[in-house]
Amino acid sequence: MNETNETKMEPNYIFDDVPRISPLITVSCCLAMSVLYVSSLYIWNNKHNRDHPATVKRRFLSVTVVMLITPIFVYKFSSKELLEKIPFYELLGLRWHGLLMAIVVPYLLTMLLFLGPLCVELQNDTMKVFMDINFWKSSFKNILWIRNHIMAPLSEEFVFRACMMPLILQSFTPVTAVFITPLFFGVAHVHHIVERLSMGMEFTTALIISISQLTYTTLFGFYSAYLFLRTGHFVAPFLVHAFCNHMGLPDIQELWQQHLWKRILLIVCYFVGFIAWIFVLPIATHPTLYANSIFWPY
């Protein structure tokens, strides 16, 4: 009888069964990691702009070092009980169980969100280029493409999701964590205002662009944090981040240049994709699909 009761009392969410950490400690750690990441981009004495190959290569090195340092925060400040229950690499979202699902499903889910822009690309024959092997060869030789589609998503998701989330979850609920960590991610992108001003852009223009960037990076951060916690995999937000960097913000101007009926159909695709994404999101990210018993209770 006692054994049955003990089994029923076992938590299905592992963070409920470990000591809580002071929110001051976890938030301070996340703030330190965020400052460390942004600071690493500016430690070089470089007169070139951010897109110059020399600048990009140096920043690759900087963020790689940051990726080696930030897990130390997780290991140092996590409770011993948590580290005893979960292998450290799994705490960072590096798991085998459910990996294939974590690669495929969130990516398809995000394509549904971008149904409208994808339909615009289809009718413009833009997507044919992805079937050309020469496109991929040239892309992997282009350091800016590598930055935007590999290194930036890899480093940002590792630092702001894989390293911050396990700490925040030791102080807050998963839902609260989804809304906290993206704030660090969004604010970390405000540093671009410095680069724009250094290039001679007017302050008002630079400020407006930076606020817009802060808004959509924070919104993406909510989505990415949710994917990480629901799937329990680092690869899910990483691939989705790379895809979103490729798509960018919807080109409304291109949409409006279409003929009337085609424009109406494309607008319908925009709405259908967004509404379908809202309904499918909780189903397609259910933790059981990814064998995720770590980051989200179910």
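An unreviewed UniProt entry lists residues 20-39, 60-78, 98-120, 167-187, 207-229 and 264-284 under "transmembrane region". The structure examined here is a predicted model. Two of the listed spans were examined in that model. Residues 20-39 are 85% helix and 0% strand. The end C-alpha atoms of this span lie 30 Å apart. Residues 264-284 are 100% helix, again with 0% strand. Here the end C-alpha atoms are 29 Å apart.

Helix packing was considered next. Two packed helices are described by the angle between their axes and the distance between the axes. Helix α3 spans residues 53-77 and packs against α9. The angle between the two is about 15 degrees, and their axes are 10 Å apart. Angles under 35 degrees count as roughly parallel, and α3 and α9 are therefore roughly parallel to each other. The crossing of α3 past α9 is left-handed. Residues of this contact comprise 20 nonpolar, 3 polar and 2 charged.

The crossing of α7 and α13 is left-handed.

Rolling a probe the size of a water molecule over the atoms shows where empty space is left. The second largest pocket has a volume of about 350 Å³. It is lined by 18 residues, of which Tyr-107, Phe-130, Trp-136, Phe-243 and His-246 are the closest to its centre. By class, the lining of this pocket holds 15 nonpolar, 2 polar and 1 charged residues.

Several helices contribute to the lining of the second largest pocket. At least two residues each come from α6 (99-113), α7 (115-123), α8 (133-139), α9 (143-168) and α13 (235-247). Helix α13 provides the largest share, 6 residues.

Conventions:
Residues numbered from 1 in each chain as written. Predicted model: local features only at pLDDT ≥ 70, side-chain atom pairs only at ≥ 80, totals over all residues. Heavy atoms only, no water. 1 Å grid on protein atoms, 1.4 Å probe; cavity = no way out; pocket = protein on both sides within 12 Å on 5 of 7 lines; lining within 4 Å. Points joined across faces, edges and corners; volume = space filled by probe spheres on them. Helix = DSSP H or I, 4+ residues; strand = E, 2+ residues; numbered from the N terminus. Nonpolar A, V, L, I, M, F, W, Y, C, P; charged D, E, K, R; others polar. Axes fitted to C-alpha atoms, helices over the stretch in contact; angles between N-to-C directions. Parallel < 35°, antiparallel > 145°, perpendicular 65-115°, else oblique. Left-handed = near helix turned anticlockwise from the far one by under 90°. UniProt positions renumbered as here; feature names shortened; annotations may be inferred.
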